[in-house]
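Trainee: I have the model open and would like to learn how to read it. Could we go through it feature by feature?

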Amino acid sequence: MRQHDVQELNRILFSALETSLVGTSGHNLINQLYHGTVVNHIVCKECKNVSERQEDFLDLTVAVKDVSGLEEALWNMYVEEEHFEKDNLYRCGACNKLVEATKTEVDDFKYMYELFSVIIHKGGCYGGHYHVYIRDIDELGNWQVLEEESNMNDEDKDLKDIENAKEKENPLRILRNILLEEESKEIAVDRLAQKLLEKKSVSWNKKYRKQHGPIRKFLQSHYPTFVLSSDESKVKLNDHHKLHFGSASQSNPQNHEVKMSSEKATTGLQEYSSESHWFDLNDSKVHPIREQEIEKQFQGNESAYMLFYRQSQMTRPSEARGNPRYRVPIHLLNEMDAANIKLQKKREEYDLANNNIDLHLHIFSHYKFYNGALHPVVSQKESVLDLTIDKRKTLGELQQLVFQLLEFWEGNLVLSLAKPLPAGLHIYQTLEGDNSTLSGIGLSDGANIFVWNGKEVDGVEVLTGIDHEPVLINILRLAGHNEGRVGQQFMESQHVFPCSSNLRAICDALMSPKGIVLKNHSGSEKDSENWKVIPEEDMKQTLRNIGLKNGSSILVLDSHDQSMVNVAGGNLTAFTHDISWLQVKNFCRLEAEEIQVKITATIETVMADIRIKAIEEMQLDKELVNNSCLRPISRNGKLLCPVPEDYTVKEAELKMGSLLGLCSGKAPTATELFLYYIVGHELQSSPEMEIVVEETTAVRECLNLMLRKSGLAGGNWHLRKIDWCYEAGDALSEEDATLKELNICSGDILNVAEGKLPPKGFLKVSVWWYKAFCQLRHKRNRQDQGNSVCKKMEALGLSASGDTPTFLQSEVDLCYVGDIEISGDAFLEDLKMQVMTLPFSEEFSIPLPEFLRVWTLENKCPCRLLRNNKQQLHKFKLGNRVEICVEPLHKEENLGPKDLLLRVQMGIPRERDYYHPVDLVWDISKECTACALRQIIASYYSLPVEQIEIAKYSPEKFEWIPICSWTQQVSKRKKKKKGDSLLLSPYSLKDGDIIGVKNLLLDDSKDFSTMKDDIGKQMQKQFAMEKTSSQKPDCVQNDHYSEKKTAKNRKPEAALSISVGVFS
């Protein structure tokens, strides 16, 4: 939007009005009202010829600098003669030459003009704000209020201004007014804060948070004025359970408005009649202003900018005086009436919100006095009556309203100001002054009023005032004798005392007249240095004087406990144990309702004491005292191994606040081990079982106990220890060794694995037959497999591009052929010879061991290629039990240590598939770079190097990594550039890796992926989504040594192998 100077805007407005009035009776209205003519007279001094020129105007511009007033400015601009002489001569039309002359401007002076409007500019020359003064020509204003204000002295005006300013800044009023303006009953709290920012140009956090806290807390603290939703995201004004009395529209104005006699008002108006009345229009606000105030607006940052005059001879018709509806079209009157009705309604609502306050009435019959404070005998909702009343009403009127509400009341009715405290409700002062307004006696919104007879409640005398304010104190004391338990136990209780009580009276009330009192200075009760002894001379001071308030803690030590205190130093010395608690949950009976209790303990408390105390507080069978144990519960809900009974909390390495499970069965002794074990190879899905054995138990005996408990038989089993990443580690091959000798500890997890262990020094090797099939033999099989791929893609929502491929990506076919046992000192050649003796080899003619290739297996996939037939097996570090796969070859193969075996497959042109792979042996002794690999592959296929693209396949991710030249950083320390080795990240080439090749002469596509890759990625994504949705937090419910365990739902940890380049 373009901004205009007010003079420019006035001219644009006049032009727009003239255009809109064309063809109407008012087409000449602007000229009639504002048109004027300036006549320029130029007189030649030689021939006395007069040249006259007329100029029309709608406004006149004058310079006001260095002038005394408007008349001087007009004289200088339009009346004073201008002389043409010397270098500024005038060309006379009659003389036809340059001559001296005089110029004057003549205006129409037959009318007198008077000021009726002033536009004021506030600000500088580059910006500011406009507002306007308009004279009340038709006497439409009510100027009585202005007269009344004129009779107020300056002190009264200042006090009124201060009171109005405070009331305007009250956040309760502001928020309530905003909610009243909203059409919807309920709005979001964030939206309410935004409305406040728009209305006050300042946010809640910046202006009110320091004094009133966050906006949600403020709304909560002013219930029932504001009602929050269940999730505290929305708020509305409460219109229930309230009684509305004395709104501004119903009250008698004589009680709270300014009083003025008719004689005084008449006199004031007569005195003011000689002075004109003016309106000040400033955006949406209109207020009266005196005529003499206008004279001050001709200088400074706020001054007159544009003046409007009218002919003083013009008079308004008599019927227009005091009649705002004079000659206003009927449709505009209707629109104005509707707007006024709406405005009046808003004014009434605003007045109601601005002057009404909410009071909470507490009726004495609903309360009892005990523990130094008033406490309701019914619910909080039933004991409090909410009352909304105009704060301009008097205390007497409030009492009368309470009498009307409480029809049953008999006797005196006293209203006292009360306040809820942590100890209960306390009465402070009685409200007095029947003729005083509620705001005058200090009643604010949300005040609590106690309604009683002023003497007693339920027959008990109540002491009122700030000197008898109740204080809630936490009293800590040592438990008597501690029942033979190890560690210090404390009893904590809350007591209420008047703030005027002294500490010696408190000790007497606690039956410890000679006790020592210690005060907590830092708020933390865990450290002994935070407790300071209160000197004897301060014991007679009041609680308020020594700084004790609601929630403060004191430690009272009897005479036999005073050895813990260094009285001379004034601090606690022997107290070194934390005062805290542990949580105990009942797991003894799964079908019963779960019970959880908090047990007070210190780091020196014995676990047996905690268990016995938990059984007592849960009110369980006494039989569990001799047949139960405590087991820590991990964060994922797993019951850990039981804690020995004679351990302290510190020895058990428990943190305060930990959760323990109370389970059936005795805890292991110091010579027993609590072990978990899993049967089978499926470690993630199989349940964990529990067993307790002596630490001197042999491995073979422990295995038999686990098999017997699992209901298994046979000797074809062995034990393995599960490592930190939850994988089966080395087998416990020394079956005659004890668990203690093998460093088996409580809480360890063992795996009962199938298969008998080989003799010592021998390896048990599972042999699989490896066959890479390249091409399906029959067309029917190819078509069926292609159709299968398409069906899988359709099921996953994928679409095939192009025709169904004729060839599929090469796969691995594994077939189990048997086990062999071989010495670790044997050679790789011996292993191949034994493999050749297995029955499967009869189907193939394998002449020599060199015609076999041996791989280790991991997750049923070839992993590491074993080379060098003269290498002993134990140097390969295969482990006691290993799986291998053997691959038959068509020719002998003796791979050296620098030979890298790659499986290279050429892409089928214009199809997302590959021909069958071929084995490529690459000597990397000289270099292992991308350029070298591209060269050897191009040479193999007899293609130009620049016409091929190669990529490494990552089968676990179904992704292809393009192999291109890249530069590795150079080590500044070594100052030697290493080669761009493909053995390093990101390629990390190894034996058996698949290399895809694209022939750019036949296929310019550089997309190496296949349809099987798309299916694989989609299946991985679906599997991950199903796994995420199916995961739920485990809640382990188990009795002692129970075999019914829920399946673990956690992701196994895995070791990482990281290859990095050279860092600079």
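Trainee: How are helices H6 and H7 oriented to each other, roughly parallel or roughly perpendicular?

Mentor: Two packed helices are described by the angle between their axes and the distance between the axes. In this predicted model, helix H6 (residues 171-181) and helix H7 (residues 189-200) meet at an angle of about 105 degrees, and their axes are 10 Å apart. Angles of 65 to 115 degrees count as roughly perpendicular, so H6 and H7 are roughly perpendicular to each other.

Trainee: Which residues make the contact?

Mentor: From H6 they are Ile-174, Leu-175, Asn-177, Ile-178, Leu-179 and Glu-181; from H7 they are Leu-192, Lys-195, Leu-196, Lys-199 and Lys-200. Sorted by class, the contact of H6 with H7 has six nonpolar, one polar and four charged residues.

Trainee: Next, strands. How many residues of strand S27 are buried?

Mentor: In a regular strand the side chains alternate between the two faces of the sheet. Strand S27 (residues 516-520) has five of its five residues buried. Ile-516, Leu-518 and Asn-520 are on one side, Val-517 and Lys-519 are on the other, and both faces are covered.

Trainee: Which strands are joined to S27 by bridges?

Mentor: Strand S29 (residues 553-557) is joined to S27 by four bridges, and strand S28 (residues 531-533) by three. Both pairings are antiparallel. Lys-519 has a bridge partner in each: Ile-554 in S29 and Lys-532 in S28.

Trainee: What is the strand order in the open sheet of five strands?

Mentor: The order is S47-S46-S50-S48-S49, and the pairing is mixed. Strand S47 (918-923) and strand S49 (959-962) are the edge strands, each pairing on one side only. From one strand to the next, the twist averages 40 degrees. Strand S48 (residues 948-954) runs antiparallel to S49, with four bridges between them; Ala-951 stands opposite Pro-962 in S49.

Trainee: Which strands does helix H22 lie across?

Mentor: Helix H22 (residues 930-941) lies across strand S46 (899-906), S47, S48 and strand S50 (993-999). The helix runs at about 135 degrees to S47.

Trainee: Now backbone geometry. Which peptide bond is cis?

Mentor: Most residues other than glycine have a negative phi, and most peptide bonds are trans. The bond from Ser-985 to Pro-986 is cis, with omega near 15 degrees. Pro-986 is in the loop between S49 and S50.

Trainee: What is the phi of Asp-458, and what is that of Asn-743?

Mentor: Asp-458 has a positive phi of about 55 degrees although it is not a glycine, and Asn-743 has a positive phi near 60 degrees. Asp-458 lies in the loop between strand S23 (456-457) and strand S24 (460-461); Asn-743 lies in the loop between strand S39 (728-731) and strand S40 (749-754). Asp-458 has a relative accessible area of 51% and is therefore exposed. Asn-743, with 57%, is exposed as well.

Trainee: Is Asp-1013 buried or exposed?

Mentor: Asp-1013, in helix H23 (residues 1011-1030), counts as buried because its relative accessibility is 0%. Asp-1013 and Phe-958 are 55 residues apart in sequence, yet 5.0 Å apart in space, C-alpha to C-alpha.

Notes: Residues are numbered from 1 along each chain as its sequence is written. This is a predicted model: local features need pLDDT of at least 70, side-chain atom pairs count only at pLDDT 80 or more; totals for chains, interfaces and linings use all residues. Side-chain values use heavy atoms; hydrogens and water are left out. Two strands pair if DSSP finds at least two bridges between them. Helices (H or I, at least four residues) and strands (E, at least two) are DSSP runs, numbered from the N terminus. Axes are lines fitted to C-alpha atoms, for helices over the stretch in contact, and angles run from 0 to 180 degrees between N-to-C directions. Contact means heavy atoms within 4.5 Å. Angles under 35 degrees count as roughly parallel, over 145 as roughly antiparallel, 65 to 115 as roughly perpendicular and the rest as oblique. Ala, Val, Leu, Ile, Met, Phe, Trp, Tyr, Cys and Pro count as nonpolar, Asp, Glu, Lys and Arg as charged, and the others, Gly among them, as polar. Buried means under 20% relative accessible area, exposed over 50%, partly exposed in between (1.4 Å probe, protein chains only).
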